Amino acid sequence: MFTGIVSDVGTILELEQIAAGQRAKIGTVYDPDGIEIGASIACSGVCHTVVAKGRDGEQNWFTVESAAETLALTTVKDWSVGKRVNLERSLSMGAELGGHLVLGHVDGKATIVERTEHPESVYLKFECAPEFARFIPKKGSVALDGTSLTVNEAEGNTFSVFLIPHTLEVTTWSDRAQGDEINLEVDMMARYVARLAEFPSLAEIAK
């Protein structure tokens with residue numbers, strides 16, 4: 001479980017194709033002594049399990065493996081050496097919930113269809129599949145590349161957000177441009193409510 005509050009921007013140091021999919025070594029400021037093998041770290045919104053960790057000189061790193069399904073559904077297949085990725089450690093009990101509850105289970109991808117620079121913010125408009133758009137309401141929460149953001153407007157298959165300077169500074173959003181694909185995870189509460197609505201109420205069953 002995560003909150004969508006990015007705590008480090010990591011760098012892809014090495015990539016290796018393996019039988020199960022892909023293995024990536026990621027540079028980070030996280031102290032490897034504080035990372036357990038098997039721990040979960042969200043990498044640009046995708047929950048990954050740490051399979052190795054270490055320190056090369058002053059460079060801390062950890063290694064994760066991505067399965068074929070992850071590569072098919074997310075932007076992880078587009079990682080390359082030197083690429084920056086948003087990182088977040090898993091939520092611990094009693095920690096501050098600064099964003100919203102994020103599972104790290106990416107639903108699919110959204111595409112940036114517009115980026116407009118403003119004096120104190122950046123406006124981004126996205127397009128996604130209808131099956132995801134129905135879970136994204138105006139003023140609701142959405143996780144994009146692992147960042148918890150508030151939806152500004154939502155219409156049809158499109159929605160928009162505004163990014164403040166702090167968010168641009170501490171995440172990879174300063175790298176993103178029109179046409180880029182982004183990992184999308186809809187609000188888990190919206191998904192549960194929609195699922196419940198598909199079934200008849202107890203009153204209807206009793207008739």
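This is a predicted model: local features need pLDDT of at least 70, side-chain atom pairs count only at pLDDT 80 or more; totals for chains, interfaces and linings use all residues.

Trainee: Okay, pockets to start with. How much space lies in the largest pocket?

Mentor: About 260 Å³. Its lining is made up of 13 residues, and those nearest the centre are I5, T147, S148, L149 and T167.

Trainee: Which element gives the most to that lining?

Mentor: That's β10, with four residues. β10 covers 147-150, and α3, at 165-170, also supplies at least two residues of the lining.

Trainee: And by class, what does the lining of that pocket have?

Mentor: Six nonpolar residues, seven polar ones and no charged ones.

Trainee: What about cavities, how many of 30 Å³ or more are there?

Mentor: The count comes to one. The largest cavity has a volume of about 30 Å³.

Trainee: Which residues line the largest cavity?

Mentor: F2, G4, A42, G45, E88, V102, G104 and G146. By class, that lining splits into three nonpolar, four polar and one charged.

Trainee: Switching to packing. Which residues touch the most other members in the largest nonpolar core?

Mentor: F126, L144, F159, W173 and L184, out of 23 residues in that core. The elements giving two or more residues to this core are β7 (108-118), β8 (121-127), α2 (130-133), β9 (141-144), β12 (158-163) and β13 (181-186). There's another core apart from it, with 18 residues, including V50, F62, W79 and V85.

Trainee: Let's zoom in on F159. What does F159 touch, not counting residues up to four places away in sequence?

Mentor: Among its contacts beyond four places in sequence are A110, L124, F126, I136, V142, L144, V151 and L184. F159 also touches K125, C128, E153 and A154.

Trainee: And does the record say anything on domains? I mean, which residues does UniProt list for "domain: Lumazine-binding"?

Mentor: The unreviewed UniProt entry lists 1-100 and 101-197 for that domain.

Trainee: For residues 101-197, what are the helix and strand percentages?

Mentor: That stretch is 21% helix and 42% strand. The C-alpha atoms at its ends are 21 Å apart.

Trainee: Is S44 buried or exposed?

Mentor: S44 counts as buried, because its relative accessibility is 2% and the cut-off for buried is under 20%.

Trainee: And what's the phi of K139?

Mentor: K139 has a positive phi of about 70 degrees, and K139 isn't a glycine either. You'll find K139 in the loop between α2 and β9. K139 counts as exposed because its relative accessibility is 57%, and exposed means over 50%.

Trainee: Next one, L87. Where is L87 found?

Mentor: In strand β6, residues 84-89. At 0% relative accessibility, L87 counts as buried.

Trainee: What does L87 touch, leaving out residues up to four places away in sequence?

Mentor: V6, S7, D8, G10, I26, G27, T28, Y30, I41, A42, C43 and F62. As for distance, the C-alpha atoms of L87 and S40 are separated by 11 Å, and the two are 47 residues apart along the chain.

Trainee: Last one, R23. Which strand is R23 in?

Mentor: R23 is in strand β2, residues 21-28. R23 is partly exposed, with a relative accessible area of 26%.

Methods:
Residues are numbered from 1 along each chain as its sequence is written. Side-chain values use heavy atoms; hydrogens and water are left out. On a 1 Å grid over the protein atoms alone, a cavity is a set of points where a 1.4 Å probe fits but cannot get out, and a pocket is an open set with protein on both sides within 12 Å along at least five of seven lines; lining residues have an atom within 4 Å of a point. Grid points are joined across faces, edges and corners, and a volume is the space filled by probe spheres set on the points. Ala, Val, Leu, Ile, Met, Phe, Trp, Tyr, Cys and Pro count as nonpolar, Asp, Glu, Lys and Arg as charged, and the others, Gly among them, as polar. A nonpolar core is a set of buried Ala, Val, Leu, Ile, Met, Phe, Trp, Tyr and Cys residues joined through side-chain atoms within 4.5 Å. Buried means under 20% relative accessible area, exposed over 50%, partly exposed in between (1.4 Å probe, protein chains only). Contact means heavy atoms within 4.5 Å. UniProt positions are given in the numbering used here, feature names are shortened, and annotations may be inferred rather than shown by experiment.
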